[in-house]
Amino acid sequence: SMNNMTQNFASDDDTLGGRITHARDLTGMETSDVAPHIGVTEETLAEWESDRSEPRSNKLMTLAGVMGVSPAWLISGNGEAPQAPGVLSALDEMTAELARLRELNTQVMAGIELMESRLATITAAVK
């Protein structure tokens, strides 16, 4: 039916279960990774993700913490949606590369200073 078609194009984030699934997907964790941290079975987590049941508020807070998302977003879809880890790993890579370049720069500057002092010593001896 036509109604089913539009359903498929709806965002994953339209329901609590969809947001839980989306947040877990972004962390790259399996239900087997997440469930023990929250103190529930994988079956219970699967029921939350498929909107067959809803977590109590204390479990929701723990869930948000484990997956690094805001409880408000998880509950209502309002506020900051979680960022893909691709962004975080890109930031980590850039930070590491910057540190590497700074280290290289330090070595280059030390090399320049050494050359300058040797040059000055030789120039003084020749003149």
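The following legends describe close-up views of a predicted model.

**View 1. Salt bridge between R24 and E49.** R24 and E49 form a salt bridge in which the closest N and O atoms are 2.6 Å apart. R24 belongs to helix α2 (residues 16–27), whereas E49 belongs to helix α4 (residues 42–49), so the pair ties together parts that are 25 residues apart in sequence. R24 has a relative accessibility of 10% and counts as buried. E49, with a relative accessibility of 13%, likewise counts as buried; the cut-off for this class is under 20%.

**View 2. Salt bridge between R100 and E97.** In this pair, R100 and E97, the closest N and O atoms lie 3.0 Å apart. Both residues are located in helix α7 (residues 85–126), with a spacing of three residues, or about one turn of the helix. R100 counts as partly exposed, at 45% relative accessibility. E97 also counts as partly exposed, its relative accessibility being 35%. The count of salt bridges in the model comes to two. Side chains of opposite charge can pair when their charged atoms come close.

**View 3. Nonpolar surface patch made by V108, M109 and I112.** The residues V108, M109 and I112 make a nonpolar surface patch of about 250 Å². Of these residues, V108 is placed in helix α7. V108 has a relative accessibility of 48% and therefore counts as partly exposed.

Terms used
Residues numbered from 1 in each chain as written. Predicted model: local features only at pLDDT ≥ 70, side-chain atom pairs only at ≥ 80, totals over all residues. Heavy atoms only, no water. Salt bridge = Lys/Arg side-chain N within 4 Å of Asp/Glu carboxyl O. Helix = DSSP H or I, 4+ residues; strand = E, 2+ residues; numbered from the N terminus. Buried < 20%, exposed > 50% of the residue type's maximum accessible area, 1.4 Å probe, protein only. Patch = residues over 30% accessible without salt bridge, like charges linked within 9 Å, V, L, I, M, F, W, Y side chains within 5 Å. Areas by Shrake-Rupley, 256 points an atom, 1.4 Å probe, with all protein chains shown as cover.
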